[in-house]
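Take a look at the model below.

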Amino acid sequence: MSTATGKQFDQGLVNTIAAETQMSFIDGEKGILEYVGIDIDSLARNSTFEESTYLLWNGRLPNPTELAAFEQQLRAEYELPAGVIDMIRATPADAATMHTVQTLVSSLSLFDAEADDDSPEANIRKAIRLVAKTPTLIAAFDRHRKGKEIIAPDADRSIAGNFLWMLRGEEPTETMVRALDVCLVLHADHGFNASTFTSLVVISTLSDLYSACSAAVGALRGPLHGGANEGVMVMLNEIGDMSQVDGFMKGKLERKEKIMGFGHRVYKAYDPRATYLKTFAEGLARDTGNMPLYEMSTRIESIMHEAVADKGIFPNVDFYSATTYWSLGLDLDLFTPMFALSRMSGWTGHCIEYLKNNKLIRPGAAYVGPHEVPYVALCDR
Ligand code: ACO
């Protein structure tokens with residue numbers, strides 16, 4: 001449908017290419033995801049979140065010296081400003097986690113003298129701060145709401161290792177650190193998904209990175225986007241055990257209800273992020289006594305395969321990340337914040353990339369209301 005202005009109406013922007021990027025490439029038909037040309041499976045198997053972030057921001061993998069320097073820059077920014085810690089202590093213990101993350105990400109701007117400096121150098125420094133501090137604020141809020149002492153970040157640890165340390169206050173195992181790190185690599189970027197696009201809309205007005213990223217957190221929390229991983233776990237808990245899976249799925253499919261963790265706007269093949277995550281979730285579930293959960297998941301997958309694979313609906317990244325996070329002992333409402341923590345790397349990278357050739361994002365609307373309606377005075381209505 002074309003509108004009065006001659007523009008094409010494209011509901012949900014399904015067929016619209018909004019900008020160019022060199023960060024990630026997706027072929028939804030073939031199930032390919034690459035960060036700067038490198039396939040996601042190789043990165044998940046061999047890389048770290050820090051290295052993948054360097055890759056996304058710089059367009060190439062770092063050499064060992066560059067990686068060490070980059071890790072140092074991030075670690076030097078783990079700590080939160082005292083004012084943000086005060087805000088965390090003032091946050092209601094029952095506040096929803098994603099609302100809290102959004103508010104706290106935004107609050108970082110209040111304590112950054114460079115918040116409104118939009119030079120490329122300042123933006124890189126702010127991107128580093130956002131990636132480095134988001135794990136700290138999530139862990140600090142979780143400790144606060146549980147009435148536990150907030151644990152200071154440890155600059156000798158990786159982002160994944162430090163996060164688990166701050167959250168639990170005890171030494172995480174290497175497997176746990178690696179599992180979280182893999183999840184962070186897999187979630188770091190994904191083209192112009194809804195939250196990334198949100199961040200671009202904000203930055204395109206020449207607003208600032210904190211505003212762009214806090215808006216992106218707001219977009220991410222919706223159940224059709226990042227909130228789905230929590231939805232998967234809610235579903236698995238609701239099902240209860242293996243004996244209930246078939247009946248539950250039959251009912252859902254008959255009622256044509258959506259199954260969380262399946263389907264994707266772009267992928268009409270198996271989500272390549274889910275491939276490795278599935279293997280990883282299995283190993284972790286075995287190590288942590290959560291095999292029943294994993295087995296329920298694979299049964300759901302095979303029922304879905306029979307029912308809807310011909311429509312191009314397969315597990316997406318959220319499906320097996322739910323089992324992974326649960327096996328890591330994370331609370332349900334920390335699942336989506338994990339996504340935010342990782343995607344901060346993509347949001348900031350895309351904003352900085354977009355600003356190199358900025359154009360205000362401002363689509364048209366297809367007006368479908370009436371015209372030439374006479375104005376009726378208030379006293380006559
Ligand atoms: N379960 C069952 N059927 C589904 C599912 C699903 N999860 N997803 C899509 N379908 C069906 C729809 O019912 C529809 O069927 P119909 O043509 O017979 O009406 C068809 O597939 C197309 O679905 P749409 O929702 O129109 O596809 P769209 O591209 O707009 O949606 C989306 C993609 C939102 C991700 C959708 O698949 C969904 O809601 N999935 C569940 C939520 C989820 O897992 N979200 C996470 C996405 S990944 C991420 O953000 C990291």
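Is Asp380 buried or exposed? Exposed means over 50% relative accessible area. Asp380 has a relative accessible area of 58%, so Asp380 is exposed. Keep in mind that this is a predicted model. Asp380 and Arg286 are 94 residues apart in sequence. In space, their C-alpha atoms are 72 Å apart.

Step back to the whole chain. DSSP runs give the protein chain 16 helices and 3 strands. The C-alpha trace spans about 70 × 55 × 50 Å along its principal axes. Of the 381 residues in the protein chain, 51% are buried. Contacts tell the next part. Count those between residues at least 6 apart in sequence: 74% of them join residues at least 24 apart.

How is the protein chain divided? There is domain 1 (34-223 + 343-355), and there is domain 2 (228-327). Domain 1 is written in two segments, 34-223 and 343-355. Taken over C-alpha atoms, the centres of domain 1 and domain 2 are separated by 27 Å. Domain 1 puts 16 residues into the contact, and domain 2 puts in 16 residues.

Next comes the empty space. Rolling a probe the size of a water molecule over the atoms shows where such space is left. Start with the open kind. The largest pocket holds about 1,800 Å³ of space. Its lining has 49 residues. Which of them lie nearest the centre of the largest pocket? They are Leu224, His264, Arg265, Val266 and Lys268. Several elements give two or more residues to this lining: strand S1 (24-27), helix H9 (194-203), helix H14 (291-308), helix H15 (317-327) and helix H16 (335-355). Domain 1 and domain 2 each supply at least three residues to the lining of the largest pocket. By class, that lining has 24 nonpolar, 15 polar and 10 charged residues.

The largest cavity has a volume of about 40 Å³. Thr97, Thr100, Val101, Leu104, Leu137, Ile138, Phe141 and Leu334 line the largest cavity. Helix H5 (97-107) and helix H6 (120-145) each give at least two residues to that lining. H5 gives the most, with 4 residues. The classes are 6 nonpolar, 2 polar and no charged.

The second largest cavity has a volume of about 30 Å³. Asp117, Asp118, Asn123, Lys126, Ile203, Ser207, Asp208, Leu209 and Leu355 line the second largest cavity. What classes make up its lining? There are 3 nonpolar, 2 polar and 4 charged residues. The lining of the largest cavity has no charged residues, whereas the lining of the second largest cavity has 4.

Technical notes: Residues are numbered from 1 along each chain as its sequence is written. This is a predicted model: local features need pLDDT of at least 70, side-chain atom pairs count only at pLDDT 80 or more; totals for chains, interfaces and linings use all residues. Side-chain values use heavy atoms; hydrogens and water are left out. On a 1 Å grid over the protein atoms alone, a cavity is a set of points where a 1.4 Å probe fits but cannot get out, and a pocket is an open set with protein on both sides within 12 Å along at least five of seven lines; lining residues have an atom within 4 Å of a point. Grid points are joined across faces, edges and corners, and a volume is the space filled by probe spheres set on the points. Ala, Val, Leu, Ile, Met, Phe, Trp, Tyr, Cys and Pro count as nonpolar, Asp, Glu, Lys and Arg as charged, and the others, Gly among them, as polar. Domain bounds come from an automatic or database domain assignment. Buried means under 20% relative accessible area, exposed over 50%, partly exposed in between (1.4 Å probe, protein chains only). Contact means heavy atoms within 4.5 Å.
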